[in-house]
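Let's take a walk through this model, starting with a helix contact and ending with some charged pairs. Have the structure open as you read.

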Amino acid sequence: MAPPTDSTAEHQQRLAALVAQRRAQLRLKKQDAAATCDLSYMTYWKIEAGQSVRPSSYAKIEVGFGFRAGSCKAVLDGSSNSVFLEDGTELITGGTVRDFRSGSLEEEVDRAFDKSAQLTAPGLTLSEARALKEEMFRELRERGVLKSE
C-alpha cells in the first residue's frame with residue numbers, strides 16, 4: 001500500500017479530530033465509542049489516530065455518531081472541513097465542546113453582554129445597560145434558551 005500523501009494525511013487528521021470531538025460531545029470513552037459504532041476497539045483507535053480503515057468502518061462511524069451519510073468521505077476527499085449531524089448541527093474542526101447544563105450559560109451570556117456593551121456603547125449609562133440586559137434575559141427565557149427563574 002502506498003504511503004499517504006500530505007493532503008491525504010491532513011484529511012485523515014481532520015476527520016480524526018471531528019470524530020474525537022463528537023465522542024467528547026457524547027461523553028464516551030474510546031472503548032464505548034467503538035461499541036456504539038459497532039467497531040472493534042483497534043479499528044476505532046485507528047480512525048482517531050488518523051489512520052486509514054475500510055470505507056465500511058467510516059459508514060459505521062456515521063451511523064453510530066449520527067453523522068449524515070457521506071460525511072466521512074467528504075472530509076477524507078477534502079471536499080469538506082466539517083461534518084453535519086442528522087439533526088443539522090455542524091461539527092467544525094477545532095470546535096470547542098462546552099456543556100452549559102450546569103447553569104453557566106447565563107453567566108457566559110451576562111459576561112458577553114457586559115463586554116459587548118462596553119465596546120459598542122461606551123456612553124450607555126449603568127441603568128440603561130441594566131435595563132437592556134434584563135430585557136435580553138427576559139427574551140431569552142421566553143424563547144426557552146435560558147431557564148425561567
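Start where Ala16, Val19, Ala20 and Arg23 of α1 meet Tyr44, Ile47 and Glu48 of α3, a contact being heavy atoms within 4.5 Å. Those residues split into 5 nonpolar, no polar and 2 charged. Helix α1 covers residues 6–25, and its axis passes 7 Å from that of α3 at an angle of about 120°. Axes here are lines fitted to C-alpha atoms over the stretch in contact, with angles from 0 to 180 degrees between N-to-C directions.

A word on the ground rules: this is a predicted model, where local features need pLDDT of at least 70, side-chain atom pairs count only at pLDDT 80 or more, and totals for chains, interfaces and linings use all residues. Numbering runs from 1 along each chain as its sequence is written, and side-chain values use heavy atoms, leaving out hydrogens and water.

Staying with α3 (residues 41–48), you'll find tryptophan 45 there. Tryptophan 45 is partly exposed at 33% relative accessibility (buried is under 20%, exposed over 50%, partly exposed in between, with a 1.4 Å probe and protein chains only).

Now for the salt bridges: the whole structure has 12, each a side-chain nitrogen of Lys or Arg within 4 Å of a carboxyl oxygen of Asp or Glu. In helix α7 (residues 126–142), glutamate 142 and arginine 138 sit 4 residues apart, about one turn, and their closest N and O atoms are 2.7 Å apart. Glutamate 142 is exposed at 57%, while arginine 138 is partly exposed at 37%.

Arginine 143 pairs with glutamate 139, also with closest N and O atoms 2.7 Å apart. Shared partners tie Glu135, Arg138, Glu139, Glu142 and Arg143 into one network.

Notes
Helices (H or I, at least four residues) and strands (E, at least two) are DSSP runs, numbered from the N terminus. Ala, Val, Leu, Ile, Met, Phe, Trp, Tyr, Cys and Pro count as nonpolar, Asp, Glu, Lys and Arg as charged, and the others, Gly among them, as polar.
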